[in-house]
Amino acid sequence: MKTFFNVEDLGNLNDALAEAKEIKNNRFGYQELGKNKTLLMIFFNNSLRTRLSTQKAAMNLGVNVIVLDVNAGAWKLETERGVIMDGDKSEHLLEAIPVMGSYCDIIGIRSFAGLSDRDYDYAETIVNQFVKYSGRPVFAMETSTVHPLQAFADLFTIEEYKQTTRPKVVLSWAPHCKSLPQAVPNSFAQWMNAADVDFVITHPEGYELDPKFAGNAKIEYNQKKAFDNADFIYAKNWSCPGVTNPADYGKIINSDPSWTVDTEHMSWTNNGYFMHCLPVRRGLIVTDDVIESDHSLVIPEAANREISAEVVIKRMLESL
Amino acid sequence: MKTFFNVEDLGNLNDALAEAKEIKNNRFGYQELGKNKTLLMIFFNNSLRTRLSTQKAAMNLGVNVIVLDVNAGAWKLETERGVIMDGDKSEHLLEAIPVMGSYCDIIGIRSFAGLSDRDYDYAETIVNQFVKYSGRPVFAMETSTVHPLQAFADLFTIEEYKQTTRPKVVLSWAPHCKSLPQAVPNSFAQWMNAADVDFVITHPEGYELDPKFAGNAKIEYNQKKAFDNADFIYAKNWSCPGVTNPADYGKIINSDPSWTVDTEHMSWTNNGYFMHCLPVRRGLIVTDDVIESDHSLVIPEAANREISAEVVIKRMLESL
Amino acid sequence: MKTFFNVEDLGNLNDALAEAKEIKNNRFGYQELGKNKTLLMIFFNNSLRTRLSTQKAAMNLGVNVIVLDVNAGAWKLETERGVIMDGDKSEHLLEAIPVMGSYCDIIGIRSFAGLSDRDYDYAETIVNQFVKYSGRPVFAMETSTVHPLQAFADLFTIEEYKQTTRPKVVLSWAPHCKSLPQAVPNSFAQWMNAADVDFVITHPEGYELDPKFAGNAKIEYNQKKAFDNADFIYAKNWSCPGVTNPADYGKIINSDPSWTVDTEHMSWTNNGYFMHCLPVRRGLIVTDDVIESDHSLVIPEAANREISAEVVIKRMLESL
């Protein structure tokens, strides 16, 4: 595996899930693969879960880890040619990226959406440049539009907890006080569309995800109807994806508190499990009662981030 | 050992000191214990000595180390239930702590006193939440009220240098230009009370340490009398503990320069050794002559931080 | 090897180059040397290439690495005696340095020139204090006046690409929008003077390097004459070294764009290679066409930083 951004990068999804299960039972069984190999984790944005879980996964595999925190304000990369670089950009990506590639074997990169320019964000310019110029396998630790380590961990968690062959999974928008990217819902939708589940997305009008990710998922604007008989509720806020109205891209166009997932919401489900990628703001996305209930999977999901990262790094090591 | 905050956590103190001595002579002898184990060091505050010595100790034991610097301003944890989290706190501790616990085997935590709310500081809320919710052994890398790795290293240093069976040890307050926590003197007092030494605390009136830590130590307000015939002088500043006057908690209520330890002060002792936990401000706590003398133990004390940390991590590994 | 600041520290230069070649082909062949050894990398300034390449080199050798980023604003070291430390300096170097030394086996240090006080910068006070008080081998990761890991990598790159026994190498000043230190050109000049090359330095009048580094190199103020028949062009900006006019130390006294290396400049050479230590500002130092040409060595130079660091750390390990 040379890149990990989309579900297709995993190839056969059932094989990948089986590999995740195997690794979860044998985390330290592949250290020969990682011997004398180095993972460079590049963070253009803050990170807690991703930083810790990916580092842990690499160490499980015997891989050396170098963490690079790029202060976006202090180190801006020039991307154009023909520019006289006398401003605040002190290095050109055409030098910076191959140099970083020369000191490692695998690159993980985090680079969030700016949420001001839809075309720029959805073009994934920075990440694609790393793929093109680094000479190394590159995986996403959340980019402008995708967070595949999270979606893989989420699907694996659903596999662990599902009680029917084909569970009903609902991705539900919920209100938030800040504008958040669409990376998590995009990847979750992409993964669910590829998995053997009955998948429904529910959100207020205007929050339609990009068709590239929403695919053929059923869209249900009535949250109660969507939750009916659901086995898993995946709550998440996202800002306006700008599909129906590009001028609204990145904005908060709805903050209706009735979308907050509480015990009444969960009562509409088939004794469903509650999921969220974390961090979560209680009282906005979900109530204390729901997230603390014995049907909340937020901690197991987070713990499985170590597993999804280990599968990805293992496969990249195998491809070297 | 599942927690390390107080001297009681070590069990028999002589056994712990013997173990420290053994480890100092065989630092790399226990790497099988640490294989495939991970220490997560969480810093809510800056650190130099603790960061380096604890990391070194863990690596001596073959333990993988992940260092997490939490910018307290950027990542505030909500601790209450029933709150709508629409302010500056983006995550609830009930999610954050078990997630961090899921990526490691042992947690070290640094979280200083705020010095504005005595009850909050002395309740050790943050640290206790890590003990309760992380599911991992937790040790203090200096908390609001204790710094046991320092006190353990200090006692071990006294053991190495003492020339009588039961030396006289004096903890002496000294002036400082900033309000400092009581963590170091609290732990030092606790350790000395548990050790086989003649222990005296000297400070201006109003600086009485919390009885939980001062215990039955002799308090002597006359510094010269306290120093008389002392074998070890442990100088340290601390702000008002607020025992006699809670309104003064965390304040500087005395800055008398006559308490600065100089050669005259040391002449009152039994050719005593000078100790301090570092960093130390010269000219306030101690003069150049005293700290640079051949009876200054500040560097050996600091070097022994590696040893105290290694004993603690080794014992926690043995408990897994 | 106990220090690495100047070319003389390497001893026989041909032996060092042969060792670099051997290590490049066998990066992981010396891990027994590094077992249970710790490198402490201390950064008083930002770093990308040096941070990554030195860390990679140490890990190649099986060495544990601790990275310490010192925020110069937050942790100022007092260097004088007899001072009452009631200001912003919270620790004296006479404590801080031996303590840091006690937790590691080798120290790498980065501490840039302030460019305001020539005597202070060229005295290398901070670095010399680490040599004197740390008790450990110390190497430069760029100091006020030298950057030997870069110069060693540069010479090794020239060895790899040279097509004549004694190539002509030109160090050329080029304009820049910020005041930059002289560390890179100083070390490059020192290394070239020691190597078997025909070495010329070209720059506008007033930019003369300190004689300690320029040595007997030929100085040619006419850039075109300097470039004539050159095999390697090493472009670099530096601020005024203050040799001819001390009052100009650290200032930009020329910004003539005709010194920017473009294809016409390169046409004057013997089909020469272009070199630069990176990061480089395009349009000021060099044009896109030149740096992207197949005769640009900027990426191989950077990759060889791993090799120069590994030779240095290996030799220091051998000296322990």
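Leaving aside neighbours within four places in sequence, which residues is B:Lys251 in contact with? Some notes on that and on the rest of the model follow.

1. Ground rules. This is a predicted model, where local features need pLDDT of at least 70 and side-chain atom pairs count only at pLDDT 80 or more, while totals for chains, interfaces and linings use all residues. Residues are numbered from 1 along each chain as its sequence is written, chains are lettered from A and ligands numbered from 1 in the order in which they are written, and side-chain values use heavy atoms, with hydrogens and water left out.

2. B:Lys251. The partners are B:Ser179, B:Tyr207, B:Ser239 and B:Cys240, contact meaning heavy atoms within 4.5 Å. B:Lys251 sits in the loop between strand 11 (232-236) and helix 11 (263-267) of chain B; helices (H or I, at least four residues) and strands (E, at least two) are DSSP runs, numbered from the N terminus. B:Ser239 is 12 residues away in sequence and 5.5 Å away in space, C-alpha to C-alpha. A polar atom of the B:Lys251 side chain also lies 3.4 Å from the backbone oxygen of B:Ala247. With a relative accessible area of 44%, B:Lys251 is partly exposed (buried is under 20%, exposed over 50%, partly exposed in between; 1.4 Å probe, protein chains only).

3. The core. The largest nonpolar core has 108 residues, and B:Phe4, B:Phe139, B:Phe152, B:Trp191 and B:Phe199 touch the most other members. Helix 13 (residues 298-319) of chain B gives the most to this core, nine residues. A core here is a set of buried Ala, Val, Leu, Ile, Met, Phe, Trp, Tyr and Cys residues joined through side-chain atoms within 4.5 Å.

4. Chain C against chain A. Here 28 residues of chain C are in contact with 28 residues of chain A. The buried area is about 2400 Å², with 59% from carbon and sulfur atoms; that is the accessible area (1.4 Å probe) that two parts lose on being put together, summed over both. On the chain C side, C:Leu52, C:Arg281 and C:Arg282 lose the most area to chain A, together 26% of what that side buries. There are four salt bridges between these chains, a salt bridge being a side-chain nitrogen of Lys or Arg within 4 Å of a carboxyl oxygen of Asp or Glu. In one salt bridge, A:Arg81 pairs with C:Asp289, the closest N and O atoms being 3.5 Å apart.

5. Chain B against chain A. In this interface 27 residues of chain B are in contact with 28 residues of chain A. The area buried is about 2400 Å², and carbon and sulfur atoms give 59% of that. B:Asn36, B:Glu95 and B:Tyr103 supply 28% of the area that chain B buries against chain A, more than any other three residues. The rule finds four salt bridges here. B:Arg81 forms a salt bridge with A:Glu292, with the closest N and O atoms 2.9 Å apart.

6. A:Thr50 is in helix 3 (residues 49-60) of chain A and is buried, at a relative accessible area of 2%. Its side chain makes polar contacts with those of A:Arg110 at 2.9 Å and A:Arg305 at 2.8 Å (N or O atoms within 3.5 Å; within protein, one must be able to donate a hydrogen and the other to accept it, and residues adjacent in sequence count only if both atoms are side-chain atoms). A:Arg51 meets A:Asp69 in a salt bridge (2.7 Å, N to O). A:Arg51 lies in helix 3 and A:Asp69 in strand 3 (residues 64-69) of chain A, so the pair ties together parts 18 residues apart in sequence.

7. B:Lys56 and B:Glu306 form a salt bridge, the closest N and O atoms being 3.2 Å apart. That pair links helix 3 (residues 49-60) and helix 13 of chain B, 250 residues apart, and both residues are buried. The side chains of C:Glu318 and C:Lys314 meet in a salt bridge at 3.0 Å, N to O. C:Glu318 is partly exposed, with a relative accessible area of 44%, whereas C:Lys314 counts as buried at 6%.
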